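Please examine the sequence and the structure displayed here before reading on. The explanation is meant to be followed with the model in view.

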Amino acid sequence: MTDAGYVIAAYGVIVGGLALYTLSLWRRLRAVQRADDEGR
Amino acid sequence: MKTRILGFVALAAVAVMLVVALFVVPADLNQGDAQRIMYPHVASAWLGYLSFGVTALAGILWLWKRDLRFDAVAVAGAEIGVMFTAFAIWGGMMWGRPIWGVFWQWEDPRLTTTALLLALYVGYLLFRRLTDDPERRATRAAIVGIVAAVDIPIVHFSVEWWRGLHQTATIGSPDRVLNPAAPMVFVGTLLGTLAAFMLAWLYFMIRRYQLARAELGREEQVRRERIEAARAPHPAASPTEVAR
């Protein structure tokens, strides 16, 4: 693999990870809020 | 609303720094393009330390003040620290292969102690699932979080204490901050990436704290409902069962 390949692999996982974590946090927060609303 | 604005500012800052790190800053003379991996790698490693430090500090504050808000901060720090430490390890591996010739070397103290740090805080997150009682969970987790934090200075100083593949600290003393060995364009990009990641870290911490507080409220509500259900007379009970 070329240097560019390693750079793409490194940045891809890090940026993708940040995006996935943002999405996961948002979904978990919404799920708890929804459960709260249903409980009331 | 303020947190949402912070999220958009962090997103913009990370996007700008990605463009700068990948396309604006020149490639290193010796390491070529692989050196570009250093910007998110070092920033992630520092944010990993910061997150676990916050977890340990919040654990101490929980043990002292007995306020569950500190436990919510602690779990936020641990989860986000695990993510950033995993990024640091991954980035280091992707840089290590073209520069060192290997992805990983277990004999290297920095690499091994960082892997241990990651394992300790993954363990911390798993350990929290062992009990449903919020106070007992916070106390046990605080102890684990504080003990695990002993590894943070070991990771940081491992490059000074033992010989290995990993280079010494990027910024180890005030003198190296003011007179860095690398050109200012590289140092500026590194600090810019750190600032952008720091904004993202702050956004994640706030959101994860809010989630922990909401989950705690939900747990409390479920517990109250169960107690009320247990106290209420059972409608399906037969007259024989009632007589018993």
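The model is a predicted one. Chain A contains one helix and zero strands. Along the principal axes, its C-alpha atoms fill a box of roughly 55 × 10 × 5 Å. Of the 40 residues in chain A, 18% are buried.

The contact between the two chains draws 21 residues from chain A and 27 residues from chain B. On the side of chain B that touches chain A, the elements giving two or more residues are α1 (2-24), α2, α3 and α8 (184-231). Among these, α8(B) gives the most, with ten residues. Sorted by class, this side of chain B comprises 15 nonpolar, five polar and seven charged residues.

Two of the helices named above also meet each other within chain B. The axes of helix α2 (residues 38-65) and helix α3 (residues 68-100) of chain B come within 7 Å and cross at roughly 160 degrees. Because an angle over 145 degrees counts as roughly antiparallel, α2(B) is roughly antiparallel to α3(B). The crossing in which α2(B) passes α3(B) is left-handed. The residues of this contact divide into 18 nonpolar, eleven polar and two charged.

Arg66(B) is placed in the loop between α2 and α3 of chain B. Although Arg66(B) is not a glycine, it has a positive phi of about 55 degrees. Is this residue buried or exposed? Arg66(B) has 12 other C-beta atoms within 10 Å, and a residue with 12 or fewer counts as exposed; Arg66(B) is therefore exposed.

Within helix α3 of chain B lies Ala76(B). There are 25 other C-beta atoms within 10 Å of this residue, so Ala76(B) is buried, the cut-off being 20 or more. Which residues does Ala76(B) contact, leaving aside its neighbours within four places in sequence? They are Met205(B), Arg208(B), Tyr209(B) and Ala212(B). Ala76(B) and Ile206(B) are 130 residues apart along the chain, yet their C-alpha atoms are separated by 8.2 Å.

Another alanine, Ala195(B), is found in helix α8 of chain B. Its count of 13 other C-beta atoms within 10 Å makes Ala195(B) partly exposed, since that class lies between the limits for exposed and buried residues. From C-alpha to C-alpha, Ala195(B) and Ala88(B) are 16 Å apart in space, and they are 107 residues apart in sequence.

The buried residues in α5(B) are Arg137(B), Ala138(B), Ala141(B), Ala142(B), Val144(B), Gly145(B) and Ala148(B). An α-helix has 3.6 residues a turn, so residues three or four places apart point the same way. The buried residues of α5(B) pack against α2, α3, α4 (109-127) and α6 (151-161) of chain B.

Key. Residues are numbered from 1 along each chain as its sequence is written. Chains are lettered from A and ligands numbered from 1 in the order in which they are written. This is a predicted model: local features need pLDDT of at least 70, side-chain atom pairs count only at pLDDT 80 or more; totals for chains, interfaces and linings use all residues. Axes are lines fitted to C-alpha atoms, for helices over the stretch in contact, and angles run from 0 to 180 degrees between N-to-C directions. Helices (H or I, at least four residues) and strands (E, at least two) are DSSP runs, numbered from the N terminus. Angles under 35 degrees count as roughly parallel, over 145 as roughly antiparallel, 65 to 115 as roughly perpendicular and the rest as oblique. A crossing is left-handed if the near helix is turned anticlockwise from the far one by less than a right angle, and right-handed if clockwise. Ala, Val, Leu, Ile, Met, Phe, Trp, Tyr, Cys and Pro count as nonpolar, Asp, Glu, Lys and Arg as charged, and the others, Gly among them, as polar. Two residues are in contact if their C-beta atoms, placed from the backbone, lie within 7 Å.
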